[in-house]
Amino acid sequence: QQDVPSKVQVAWDRYHDYPEVTQILQQIAAAYPDLVQLKSLGKSLQGREMWIAIVASPKTGPADSKPAMWIDGAVHANEIQAAEAVLYSLLYVTKAYGVNADLTRLLDEKSFYFLPMVNPDSRSAWFNTPNTPHSSRGNQRPVDDDMDGLFDEDGPDDLDGDGMITGMWKRDPNGRWIRSQTDPRVFVQVKPDQKGEWTYLGSEGIDNDGDGLINEDPPGGDDMNRNWPTDWQPTYVQHGAGPFPFSAPETRAIGDFILAHPNIAAVQSYHNAGGMILHGPGASYKEASYPGEDRRVYDEIGRTGEQLLPYYRYMVIYRDLYTVHGGFVNWAAEGLGIFSFTNELWTPAKYFQRESGGPSDDQAWLWRDRMAFGQLFTDYKEFDHPTYGKILIGGTNKWSERSTPTFMLEEECHRNFAFTMYHADQMPLLRFDRTDIKQLRPGVWSITTEIRNGRLIPTRSAQSRTNRIGANDLLTCEPASGVVAAGTLGSWFDQQMTAIKQEPARVQVPDGIPGREGRIFRLVIQGDDSARVTLRYHADKARQIELAVELKETPRRE
């Protein structure tokens, strides 16, 4: 692969915290000012700026005049490589403009909105405070988990001061675990009819509030991937949903932006882990809301993704993963009619370059630790616990799972970038195709024209059409005063048209232009010989096209 030079140098064999991501964004915007506009969507709960990079080629018009793709990451802040994938994508598509022909064409035709950190507060917490691989997932809104009137007062504690939250183990003659004879770092669960020697006590921590419980009221928060309006359910149905949809300032800021930009025709959200290419629905009872013609679009993009991303699986959220109410891509797809995917970055299968034959999930960290030369594990040490007495503290740390190993990070980012650019390239691309002009009688003309979509994604999804989401497409003729009739044809050779009953100079097209197909329109116009009219086709999710027509007979083709 030929190198694409960059004005900004970023190391892709490491992870970047909130200040570093901010600095890289600022450097990219400064290095490519003609392409990149950096702005803040608003502030997070704790006051951090939510930086969004708007990328568009100025020579083909402003960003909102073209179909756009929204790309975000790290709504779950412990899923740290998601932000790196967004950042990598931003830099690559920017540096490639004018260098790589395919990406130059793509950026001339489309626009992009990149938001690397949906959840900046918890990303900062993950990097700068002790955590496990799974903590700092939600936002940092204080929540009274144990219902004692206090908030976040009894979370995990870094008892051994190693900067990580690991595990606690206690000797117990009736325990369920023994230590492995071949590797004392490993605890093995015994069979139900056997006695072990150890009991697992959970993550490091003490009873900070004196209620007899440990770690029952940790920091935060709401799962912001449950805080979106479509199919939102309250917390007694789905934990972490927040008080109401858009209750988090972060989701509200994103929602305001997306609703103000109807040109967004594709959405990509990055998570981790598991190696998945996911689309909705998030719940089984929403299955019928995905019409067959939309599913065909998802299937083609998803199956192509499986080729671009080895060991990833194309899946449906509720059926192949778990039920999600109020998820972001479900809101985008079902609430707004946008073709939307979530990629779960990283799968351990990539270690072994095969689908099966690797270690069991509870042993996979051993292979990672060998590759990381011991950096993923804290050796067990004795600790005198105020509640449990003498225990062992140690085990795998926050880098031991979920995150892509740093030596494999650039490949992970690039393959996901390639998939996302393929998705972006399938956004609608319209053109006027064959056009026929006939004089019906002196001063009366018919114009028959076909408008074709050269890409897979239609200008209006079946979801949008069925649920009347967004504005209809619109074919107009100027000057409008001479248009006496208009309609659509099922075939180029039809003699009769399905007439538009009102405003023939403004033809509403609720079905839009299908992917890789066309629609045929006919207008009847009063006008002098050689007079000119202009046809324009507007779709929210495609660039506007226009055609100047002179009223004179089209030469007959033999």
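Trainee: Which residue in S4 is the bridge partner of valine 55?

Mentor: The partner of valine 55 in strand S4 is phenylalanine 112. Please note from the start that this is a predicted model.

Trainee: How do you know that S2 and strand S4 (residues 111-115) pair?

Mentor: Three bridges join these strands, which run antiparallel. Pairing requires at least two bridges, so S2 and S4 count as paired.

Trainee: How many bridges join strand S1 (residues 36-43) to S2?

Mentor: Six bridges join S1 to S2, and these strands also run antiparallel. Valine 36 is placed opposite valine 55 of S2. Five residues lie between the two strands of this hairpin, and glycine 47 there has a positive phi near 95°.

Trainee: Why is strand S2 (residues 49-55) described as largely enclosed by the rest of the structure?

Mentor: Six of its seven residues are buried, so S2 is largely enclosed.

Trainee: What makes the pair of phenylalanine 187 and tryptophan 198 edge-to-face?

Mentor: There are 28 aromatic pairs in the structure. In this one, the ring centres are 5.8 Å apart and the planes meet at 85°. Rings pair if their centres lie within 6.5 Å, and an angle over 60 degrees counts as edge-to-face; the pair therefore meets both conditions. Phenylalanine 187 belongs to strand S7 (residues 187-189) and tryptophan 198 to strand S8 (residues 196-203), so the pair links distant parts of the chain, 11 residues apart.

Trainee: How is the pair of tyrosine 290 and tyrosine 298 classed, and on what values?

Mentor: This pair is tilted, with 6.1 Å from centre to centre and 45° between the planes. An angle under 30 degrees would be stacked and one over 60 edge-to-face, so the remaining range is called tilted.

Trainee: Are tyrosine 290 and tyrosine 298 buried or exposed?

Mentor: Tyrosine 290 has a relative accessibility of 4%, and tyrosine 298 has a relative accessible area of 2%. Buried means under 20%, so tyrosine 290 and tyrosine 298 are buried. Phenylalanine 187, at 7%, is buried as well, and so is tryptophan 198, at 5%.

Trainee: Which residues do ring pairs link into a cluster?

Mentor: The cluster consists of Trp169, Trp177, Phe187, Trp198, Tyr200, Phe377 and Tyr380.

Trainee: What makes the charged end of arginine 185 count as sitting over the ring of phenylalanine 377?

Mentor: That charged end is 5.4 Å from the ring centre. The distance must be within 6 Å, and the charge must also be within 35 degrees of the ring normal. Arginine 185 is classed as sitting over the ring of phenylalanine 377.

Trainee: Which residues have the most contacts inside the largest nonpolar core?

Mentor: They are Ile28, Val36, Ile71, Phe112, Phe114, Ile301 and Met421, in a core of 66 residues. Helix H2 (residues 81-95) gives the most to this core, namely 10 residues. Another core lies apart from it and has 33 residues, including Met50, Ala63, Met315 and Val324. In soluble globular proteins, nonpolar side chains tend to be buried together.

Trainee: How many disulfides does a search of the whole structure find?

Mentor: The search finds zero disulfides. Cysteine 413 counts as buried at 2% relative accessibility, and cysteine 477 counts as buried at 2% too.

Methods: Residues are numbered from 1 along each chain as its sequence is written. This is a predicted model: local features need pLDDT of at least 70, side-chain atom pairs count only at pLDDT 80 or more; totals for chains, interfaces and linings use all residues. Side-chain values use heavy atoms; hydrogens and water are left out. Rings of Phe, Tyr and Trp (its six-membered ring) pair if their centres lie within 6.5 Å; planes under 30 degrees apart count as stacked, over 60 as edge-to-face and the rest as tilted. Helices (H or I, at least four residues) and strands (E, at least two) are DSSP runs, numbered from the N terminus. Buried means under 20% relative accessible area, exposed over 50%, partly exposed in between (1.4 Å probe, protein chains only). A nonpolar core is a set of buried Ala, Val, Leu, Ile, Met, Phe, Trp, Tyr and Cys residues joined through side-chain atoms within 4.5 Å. A disulfide is a pair of cysteine sulfur atoms within 2.5 Å.
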